[in-house]
Each structure stands twice: as structure tokens, then as C-alpha cells.
Amino acid sequence: MNQTTPNSFRTMPDERGHFGDYGGRYVAETLMPLVLDLEREYRAAQADPAFQAQFDDLLEHYVGRPSPLYFAERLTEALRVGSPEGRGAQVWFKRDELNHTGAHKINNCIGQILLAMRMGKTRIIAETGAGQHGVATATVCARFGLPCVIYMGATDVARQQPNVFRMKLLGAEVIPVTSGAATLKDAMNEGLRDWVANVHDTFYIIGTAAGPHPYPELVRDFQSVIGKEARAQMLARIGRLPDLLVAAIGGGSNALGLFHPFLDDPEVKMLGVEAAGYGLDGDQHAASLLGGFPGVLHGNRTYLLQNEDGQITEGHSISAGLDYPGIGPEHAWLKDMGRVEYTAITDQEALDAFQLLCRTEGIIPALEPSHAIAAVAKRAKEMDRDRIILANLCGRGDKDIFTVAEHLGVQM
Amino acid sequence: MGTRAMTRLSSSFAKGRPTFVAFITAGDGDTAANLDALVEGGADVIELGMPFTDPMADGPAIQAANLRSLGAGTTTADVFAIAAAFRQRHPQVPLVLMGYANPMVRRGPEWFAAECARAGVDGVICVDIPPEEDDALGPALRAEGIAPIRLATPTTDARRLPKVLEGSSGFLYYVSVAGITGLQQAATASIAEAVARLKAATDLPVAVGFGVRTPEQAAAIAAHADGVVVGSALVELVGKHGSHAPAHLRELTAALAQAVHGAHQPA
């Protein structure tokens, strides 16, 4: 799709919350006034230095930011083995898996709970798939003393017991959702049903850069700390920007967080990595951009996994965090504009990359960034040795060791 | 066609008594027989639900109906076939489609609006297209003479109401509770107050739905509103009685319609 290239890729969304043809506010009338209130409050917070100061302070002293920028020397060397002469780019990681709670999710939760309190809301709800966003939400609720209800598909509750217990330890109520396929999208439906019935006191902390405007914008902004830090760290360490950014994409918040501050640096290429599950040729994948079509779900217009009648289909990925039939609307726009390239990685490729990083760098990655690492491994071999790849290591793999063990045929 | 469609809806609200609107989900059970039972029971307007995998504004009863319908293989083509056949059998009964944006816009809004016109649909209620996103469907519907029926809710304040009313037609659907379909019911006093507020702002008829289950509740609301919508209670009968549902639907519809039609309206 060819559209006129804008002067800047960083001015979206427009005043209606649209990213080109995508985004918007497709919500029931009951929620519309609240969504408009949220936008007003977010604009006020953006203009309030005290809000930014509190956000920054919490990120530094509670989350542990800035996260390190790390040159993965042994992974780089390992990927050079078997590469064509002179090829094998240097691989660097933004270490967001070292954040409190083990993933990038907490950046956004800190921002949203501060907004919730500004709005005088006294009850927090959220949806979760793998449980990472649920844990991060439960964490900030405990930190600020607000009651917390987490909706989680019953299927996910069964396969993510450690995170369910973590949320309960943190004082959250975890409600298993049995409707539909009982996974992430059904949890999001149930979150929206709760919200619509409790608009007066409840704030919905959405976990990714999707949903009705202004969520895609504000989640991106809160996550942009990743890219802002990385940009400054790169300049400080090697005096130049990376050649290629790589990040995994479910809803797409960690990728946008890394990409957004670089969007107007034309020399920096970007690669978003979707989950190809068992392969893009069948329907057992979660690649909304590469295998879906534009449509409307959960408050925004974006690419969706759906059939010819607009019924939403169930994706599949080994990674519960990527197993969602939609994607943030800004990615849909960036794809159509050609600013970001998108690819997909299968379950098996992600499992191989997971093990590769464990053994070369002593880092156990989550299955989500394992998809990014697999894509890095392919690209590094095609790029010259003086090129720099920066990938977002957006979560650690402690939560995934049971899944990985099962796939490797190991009894635990 | 457009004019006739508007006439069917507006004339059903111009009978000098409150209107009863009955909802069931398309493709759930023998829909043709179920729709006939609603008409025979005395329903003035039929609201036909388009099944969707993710009915976010619906409670358990209508969620289950959506899943039963999709489980039986209902397609968008089937929904329009049901609507077109209904129009053949009941040339004068207004028929409104209710559903979610994605199945409506999947093949483009113009395609959807043209199909509505061809099937004899009078109006469309789309839960998740608020006035702010009207472009996604509204212009296409209006071009075909199909009424875009908007929802007003307890959270729709006076500042916002004109935006909701702009470009809406047929009737105004007042969602009596901030919540999902089929569960709690608002106090009659608050409904009366809200309807009065809406009627002061528009000439459109105001129908009230969400949480209305019994003839007593329906009568109490009909004393203040131009119409009453019942959905979940009817859909539950379809789920419970399957192929025997028509007799039960006819019975409950008759009781509800009688209660609505006979409700005393303060002068």
C-alpha cells in the first residue's frame, strides 16, 4: 500500500485517535464519556511536570530503570559461525527483562495507575494472557493500595499457575473467564463487560498499545522510555545509532516502546516479529499483520485474525503473550506506510533461539523475545560485521520454563 | 425503498400506545419460526441479533445465543436470508439488525447497507460504533435509507447528547443501566427521569432496554417510554426449549406486549 510519506512518523495519532485508517474509539456508548475523560486527563498529565517527575521517580527507584544496554558478544560470535565471509552483525540487547516483575509491562502499569489516581478511580481491572501484565498490574495496585481484579482465560489460568499465584500473593482477585475459547481475547471481553458496569469507580489498565484511543497512544508513550534510554545509551557507548531494531509483537507495546523514539531516524531500520505458531500457511498462528485483515475489535480498527464474515478466529502461539488475534493500530499504520518491516517466527524457531541465548549469554529469555532473537539470528548472518542490531529483550523466561520443558520432552 | 423503510419504523411508534420491541439472535434455533412467534405474540418491532464471536456488551444469555448460532454455522449470508424471508412473510413489521461493527464492515459498509436494503431491513443498531466513528457505517446506511439507531446510556450527559442524536433516526435506544444485557435493572424512577430528559432533546421515539425481563417491569417502563425492548428473557427461552421455543416465545411475547400496550401513559 503506497501512501504519501509524512514529514514525521511520530505525530500520530490525529485528534480523533486515528493512525491513518486505524485506531479510533469503537466502544459502546456507555464507555465513550469515560474514554473522553481519560483523554482529557492524559493531556493534563502530559502538561504536568509533577506527573512526569513521579513517573520517572518510580521507574528509577521501583522498577529499576534505566535498564542496561548490553553487547551480546558470545551470541554475536556464535551467529558468525557459518555466516558468509565478513557477515555477522553485532547483536545488542535492551535488557528490559531486568525490570521489577521481569518484563516491560510494568512501565505502562506505573503510568496508568498514576492516571487512575489522578482521575479519582478507586478500583483497578485488567486482562492478562500469560499473566505478565496481570502480575505487573497487581504489583502496582499493591504498591498504591488499590483493589485489583484480573480477568484471565480459564485455559490460561490452568497453564500459567505460577503467575496466578503471584497475582494472588500481591492481593489481586483473579477471575477465570470461561466464555469463548477462554484465552486472552475472552479475558479482554470480560474486562470490558466489568468496566461498562462499573464506570463510576473503575479504571481499566490495558496491557498493550491497543484498545480505544487514547490507550494506544498513552501505552506507547509510557513504553517509549525503552527507546529513549536505548537511543541515549547507544550514542554514549558507540557514538552512533543502531542499524536495525528488532522486537517481538503480540499487541505490540514493547516494540513501539523501542521503535517510536527512532521513527524519524531514517538510517535506523526496524523489524517487528509476529508469532507464526505452526506456520503462516495454516490458521495456527498469531500473526495479525501478516496473516490477518483490517477490522474492528476491542475499541480499535486494526489488523485482525478473522474469517470472511468478520468472526474473530483463535490464533496459536507457544507464547501466551503473543497469542492475541489483534495488534496495536499504530503497527497497522507503520506496516502500511512501510516504515517498519514485519516478519514472523515459528514456535520451533523461537524454542531454538530460547536455548541459544541461554547457552551463549547466560540469559533465560521469555518466549516472546525468543521470537525476536530468532529473527535477529537470521538477519545478523545477512549483515556486515560492522552493522549493529539492537533487540528488545522484553521479558525473562522464568515463567516459561515449564512450557519449554514440555516441548523438549523433559519431565519436571 | 428508503422512505418506505422509515415509514415502517415510524408508523410502529405512532399507534397511540407504547411499542414492544422483541430481540432474538439470528441463527439460534429455528429463527423463522421463532420470529413468527414474536409477531403472533404481538411484537411491534423485531430486533434481530447478528451473531459475533466477541459480544462485549452482552451478558451470559445473549453471549450463549451468539455461540449457539455460530456453532450451528450461521454466516452473514444466512442472517440476510433470514431477514429477507421475514420481510416476505411480514411486509409491515419493522425489522432492525443489532450487532457489532466487525461483521458489519467486513466487506465494506456499502456492501452491508446494500444487503440491508435488499433484505428489507429498516434500521441498524451497532453497539461499538459511537457517533465519533460514524464514518465507518453511518453514511452508507443513510444512503440506502436504513436508519442508524443510536444508543444513549446513563453516562450520556447533556453535553454529549446532541452528538448522539445527530445523524440518528428510527428511534433512540435508551440503555437503562450502565452494564451489559440481561442482568440488573434500573429503578423505574431513574428511567422516567432519563426518558424525559431524552424526549426534551429529540422528536425521535425513545425505547428502553437492558435488564427488562417481566411484564410488570415492561409495564412500569412503558408508562414513561415510547417503547420497551426485551431480549435476554426471550433468548433464554430459545436456549432452553430449542425446537419447542416458538410456543414459549409466543406466550411470553403476548404477556409482554399486552403489558406494554396497556401501560398507562401520564398525560
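Buried means under 20% relative accessible area, exposed over 50% and partly exposed in between, with a 1.4 Å probe and protein chains only. This is a predicted model, in which local features need pLDDT of at least 70, side-chain atom pairs count only at pLDDT 80 or more, and totals for chains, interfaces and linings use all residues. Side-chain values use heavy atoms, with hydrogens and water left out; residues are numbered from 1 along each chain as its sequence is written, and chains are lettered from A and ligands numbered from 1 in the order in which they are written.

**View 1. Aromatic pair of Trp195(A) and Tyr215(A).** Tyr215(A) has a relative accessible area of 1% and is buried. Trp195(A), at 2% relative accessibility, is buried. The two rings form an edge-to-face pair, 6.2 Å centre to centre with 75° between the planes. Rings of Phe, Tyr and Trp (its six-membered ring) pair if their centres lie within 6.5 Å; planes under 30 degrees apart are stacked, over 60 edge-to-face and the rest tilted. Trp195(A) belongs to helix H8 (residues 184-197) and Tyr215(A) to helix H9 of chain A, so the pair ties together parts 20 residues apart in sequence. Helices (H or I, at least four residues) and strands (E, at least two) are DSSP runs, numbered from the N terminus.

View 2. The whole structure holds 13 aromatic pairs over all chains. In one of them, Phe51(A) and Phe222(A) are tilted, at 6.4 Å centre to centre and 40° between the planes. Phe51(A) lies in helix H2 (residues 49-63) and Phe222(A) in helix H9 (residues 215-223) of chain A, so this pair links parts 171 residues apart in sequence. Both Phe51(A) and Phe222(A) are buried. Together with Tyr42(A) and Phe55(A), they form one aromatic cluster.

View 3. The buried residues of H2(A) include Phe51(A), Leu58(A) and Val63(A). Seen down the helix axis, the buried residues of H2(A) fall within an arc of 100°, so they line one face; the arc is that of the directions from the axis to the C-beta atoms. Pro49(A), Ala50(A) and His61(A) are exposed on the face turned away from the buried side.

**View 4. Arginines over aromatic rings.** A charge sits over a ring if NZ of Lys or CZ of Arg is within 6 Å of the ring centre and within 35 degrees of the ring normal. Arg143(A) lies over the face of Phe144(A), 4.6 Å from the ring centre. The charged end of Arg339(A) sits over the ring of Phe9(A), at 6.0 Å from its centre.
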